[in-house]
Amino acid sequence: MASNAQGSPVKALLVDDTAVDALILSTKLRKFHCETTVAKTGKEALDLFHEGKKFDIVLCDKDMPIMNGLEAVEKIRAMGEIDVKIVGLSADYDATEVFMSAGADAFVPKPMKLDVLSAIIQEVINKKNNTMV
Amino acid sequence: MEYANLRRQAASLKRSLFDQGYLDEQFCQVEDLQDEASPNFAEEVVSLFFKDSARLVSNIEQAMEKYPGDFNRWDAHMQQLKGSCFSIGASKMNNECTLFRNSCGEENAEGCRRSFQKVKREHAILRQKLESYFQLLRQAGPARTATRSGGK
């Protein structure tokens, strides 16, 4: 079960304008008992942070209207959100460099497999548990 | 049993969709996400895909009409459609989307037009085949486990 210490679920922000992708990844996140919020653009994601919402992990697509994922990642980090794990996603397989330059912690090509997601969620939980000790 | 026959028909249809290249492994990954909480998840995803893709196809059509020669715009629209195709394992559609994008890269308007017609054709064919597949599954009902007959 993917939960932090004291049983609180992992809070995930999924940023993707493709409805099908968002549905599939939300369902995968639910398998790990994550509490998932979906934003359709980078701007929506940024607005959530401006509202004071906190997330343990952000899974962010690259190509989106209004504000793309790279710009959103840069701006989330510029807000001082340095602890949240940010994973870039794209069907564009060679987006690693651009996402890492923007400030992401990792890049995973779409579609993300369940075992990859499991490992990432477990990393987030371990980090959270270590912080709380 | 009628249920078993319908299940066999659905399995056979699905196998043919893979054999003929309409679907790839990604479709199985979507079906594998089904569980007791979401027993019809694959059908929901496919339904959403066709609703979304119809809109995207329309957007591409309008873009090609209103913005002739704007290959970047056409490509951006097709990229969205291609992404969705990839996510559900719509292999043939995905391939046609790629060919369209290649034509955009070459600034080949005629190539784009030909590819787009193929995208629309594959879209219609896949919709019809998947509708048949899910209709068979619905008629078959939920999967039943075998039970021992008679006796103590």
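**Charged pairs and cysteines in close-up**

**View 1. A salt-bridge network in chain A.** A:Asp16, A:Asp21, A:Asp61 and A:Lys110 are joined to one another in a network of salt bridges. The model shown here, as in every view below, is predicted. Over all chains, the structure holds 21 salt bridges. Side chains of opposite charge can pair when their charged atoms come close.

**View 2. The pair A:Lys53 and A:Glu51.** A salt bridge connects the side chains of A:Lys53 and A:Glu51, with 3.3 Å from N to O. A:Glu51 is exposed, with a relative accessibility of 54%. A:Lys53 has a relative accessibility of 40%, so this residue counts as partly exposed.

**View 3. A salt bridge between two helices of chain B.** B:Lys14 and B:Glu31 form a salt bridge in which the closest N and O atoms are 2.4 Å apart. B:Lys14 belongs to helix H1 (residues 2–19) of chain B and B:Glu31 to helix H2 (residues 25–31) of chain B, so the pair ties together parts that lie 17 residues apart in sequence. B:Glu31 is buried, its relative accessible area being 13%. For B:Lys14 the relative accessible area is 21%, and this residue is partly exposed.

View 4. B:Glu110 pairs with B:Arg113 in a salt bridge, and their closest N and O atoms are 3.5 Å apart. B:Glu110 is partly exposed at 42% relative accessibility. B:Arg113 is also partly exposed, with a relative accessible area of 42%.

**View 5. B:Cys104 and its closest cysteine.** The sulfur of B:Cys104 has its closest cysteine sulfur in B:Cys112, at 3.7 Å. A disulfide needs the two sulfur atoms within 2.5 Å, so the sulfur atoms of B:Cys104 and B:Cys112 are too far apart for a bond. B:Cys104 is buried, at 5% relative accessibility.

View 6. B:Cys28 has a relative accessible area of 19% and is buried. Over all chains, the count of disulfides is 0.

Note on methods: Residues are numbered from 1 along each chain as its sequence is written. Chains are lettered from A and ligands numbered from 1 in the order in which they are written. This is a predicted model: local features need pLDDT of at least 70, side-chain atom pairs count only at pLDDT 80 or more; totals for chains, interfaces and linings use all residues. Side-chain values use heavy atoms; hydrogens and water are left out. Buried means under 20% relative accessible area, exposed over 50%, partly exposed in between (1.4 Å probe, protein chains only). A salt bridge is a side-chain nitrogen of Lys or Arg within 4 Å of a carboxyl oxygen of Asp or Glu. Helices (H or I, at least four residues) and strands (E, at least two) are DSSP runs, numbered from the N terminus.
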